[in-house]
Amino acid sequence: MQFRVLIYKWGSQNEFHFRRALEKLGVAYVEFEEKIRDYHADAEFAQKLIKLVHKKKISAVFSYDYFPIISLICQINEIPYISWIYDCPLYTLQSETLRSPFNYVFCFDRKYTEQLSVWGAVNSIYFPLAGESSWLLRIKEAEKREPDWCTKYQCEVSFVGNLYNGEKNRLSQAELSEYTAGYVEALTESQMLVYGYNFLKDILPEQVVCEIAEKCKLILGNNYYQDTARMVADIVGMEVSRKERERVLAKISDKYPVHLYTSSKIPKGLYKENIKNKGYADYLKEMPFIFHNSKINLNITSRTIETGIPQRVFDILSCGGFCLTNYQPEIAEYFEEGEELAIYTDMQDMINKVEYYLEHEEERLRIAQRGYKKIKEDFELSDRVKEIFKNVF
Amino acid sequence: MKLLVFEWGAYTQEDINSCFKKQHIEYRIFSWQFQNKNTDPVFIHSFSEVLKENCYDAVFSVNYFPLIAQCCYEHHIKYLSWSYDNPLNVQNIEDTLGFPTNYVFLFDKIQVKGYLERGFGNVFHLPLAVNVSRMDQVGLSKDELKYYQSEISFVGKLYPSSLADYMAIMDEYSKGYIDAVCAVQLKLYGYYLIDEIITDDFLNRINTYFRVLKPDTEFTLPKEALSYACAAQVTRKERLLLLGLLSAHHQVKLYSPEQNQILKNVQYMGGCNYREQMPKVFKASDINLNITLKSSQAGMPLRTLDIMGCGGFLLSNYQEELAENFENEKELVLYESIEDAYDKANFYLKHTELRKSIARKGYQKVKKQFCYEKQLAALFYKSGMIT
């Protein structure tokens, strides 16, 4: 009986490479793309999935991130449900289905992995994300074929990402009481000064938690374990990220031109001569060329990711790009500062490093090379996927 | 060398004077109590008269006095100031700090760095000292041993803070802001952010609102006062929390100027004086706590050296210079959270031999490296009094 994996496709940018990794490993797979209407009770979805599981004799289901209804189905059919989590927070993980012994939750953030165990996950495995060394080869080929087309991606400093100032930032849209507004302001300003320790959830008094939860409608619903304080901390964390990204970009653009790729609305603070808003960047068609052609690629990790390495870092390095990133404990753990990428620990450090690495081209290129090598050696997706299956079977 | 020594009742004055005597440094004493450190014409007159005698190589004081700085500058005589206070508790210190006759020695390197960055080149780093041989001679009678004996002792203020008074004149937003700043600082060890988060904008907001409340007022809340009030409040909370937690499980004796109403399980012993009683406390206690005032970001408070110099076992909050100068868990023990302090107290109360060994090693280090002879020599050298 052949081993066959069902990949649930929901539009994650990582799905393309995961499929290729399976092909590389010679693992048979089937893709399933049905939309879920209710995470716990979509009968139509359930039926279709079950049918496919039986028809194709599926040995395990895989998805990036976590879907309670898939967990339910896998539990009924007694096959493993493998989730690779790359978002934090991910509220579906607070589903009561998390406890299923058929769940294998691979989580990219060490602290979050521990939290999942606390919430009842039986197989909660700490598992950093990965890169794909073939990206750089394909980029080089494409650039050779069409050298002029890629010049539009050349720039000094680029940032690809969300500015967290849209609808999802419910905190900025809520009308908070004066006291809570002042509290949140000081709290976010403080967190911005500190890397490596996320204290937001430890420092929210009950009255502030209740008010924010109510005004931002932070309720998960019946099938979920409700951790209101944590949800409030996450929403405040998003606000910290919003401020941080704006400030970093504003500071850099005081002196240097910046290419900004975002679908977010541009805040007033970033209406600057040196900032060119290039709009949304397609993950497969454009991002690789952006990363390859920017002298410095910024990574400003979302503050809700406490210790983990975001996918962005692996993407930049896979494309042979030079990465300047905020300090994250796990980045410092796996990568050497100044050798494989550059890490900043405060705003002054950040701007000093932008200045330094724009001036020192040779060193910068060498660092990018070593960063790419690191991906190839330790973070190749197909190797990591192999590890995942080893862990489960 | 002939010094004019300014005396005001500093704890360490006698020990310093003893050291001068031992080193055959001539000195004369000028005593004064300032009501207002920045305005005192009588002092200026009297002190200038003495300086006019023109027979001193320098003026020396424990802590910093702006009017001394002024007089010394006017009379072209060096002013050597060695402070054990942090903050310095001098309003508008920058008005006089820059005089070229000043040589100001501070025990906190971050404090020194701050002044250097603002252009004050005559501020130097100098850790404090203790007179170990004097403390060696402080013995305990049987009764005293019984009186001072304790599993854990803490000598220090509880900082009843003026923050509540300041908050009474703030709007709700500002109250929330200040509450958050203090809550964060309480949790954060090894990084002091109060001064960064209390921005000029925020201060303006408070003062503007106060003028709305009281249109006739001339009072403006200065940043240092608000910062200090926050730092004191956070320190107070940390001290109450930790003493509360420890006293629920262990014997804790508290020596403090303020009557303690809050800590039910702590044995309140009243105050204790620096020279006679404090060494007895340290010698008779299994564990001596140090919980540094938050605004003192890196330095080794006098208390920590006193404890070790008496052969006492020191359990202290993490301070960078303590970690630099002493080996953690070999010569003293540092904690990095309330929970950590609690665990370490439990552990070291159980492991008597290890605890005594740590106390012994700490004592030896202090005796060797932090004595007055050594530190005063460094002070005189840096101020060009000796070569």
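Author: A residue is called buried when its relative accessible area is under 20%, exposed when over 50%, and partly exposed in between, using a 1.4 Å probe and protein chains only. This is a predicted model, in which local features need pLDDT of at least 70 and side-chain atom pairs count only at pLDDT 80 or more, while totals for chains, interfaces and linings use all residues. Residues are numbered from 1 along each chain as written, chains are lettered from A and ligands numbered from 1 in written order, and side-chain values use heavy atoms, without hydrogens and water.

Over all chains there are 47 salt bridges, each a side-chain nitrogen of Lys or Arg within 4 Å of a carboxyl oxygen of Asp or Glu. In chain B, B:Arg355 pairs with B:Asp286 at 3.5 Å, N to O. Because B:Arg355 belongs to helix H17 (residues 352-369) and B:Asp286 to strand E10 (residues 285-290), this bridge ties together parts 69 residues apart in sequence; helices (H or I, at least four residues) and strands (E, at least two) are DSSP runs numbered from the N terminus. B:Arg355 is buried at 6% relative accessible area, whereas B:Asp286, at 21%, is partly exposed.

In chain A, A:Glu244 and A:Arg303 meet at 2.9 Å, N to O, joining helix H9 (residues 228-255) to the loop between strand E10 (294-299) and helix H11 (311-318), 59 residues apart, and both partners are buried. A:Arg37, which bridges to A:Glu34 at 3.9 Å, is by contrast exposed, with a relative accessible area of 55%, and both belong to a salt-bridge network that also links A:Asp42, A:Glu44 and A:Lys48. Across the interface of chain A and chain B there is one salt bridge, between B:Arg205 and A:Glu178, whose closest N and O atoms are 3.4 Å apart.
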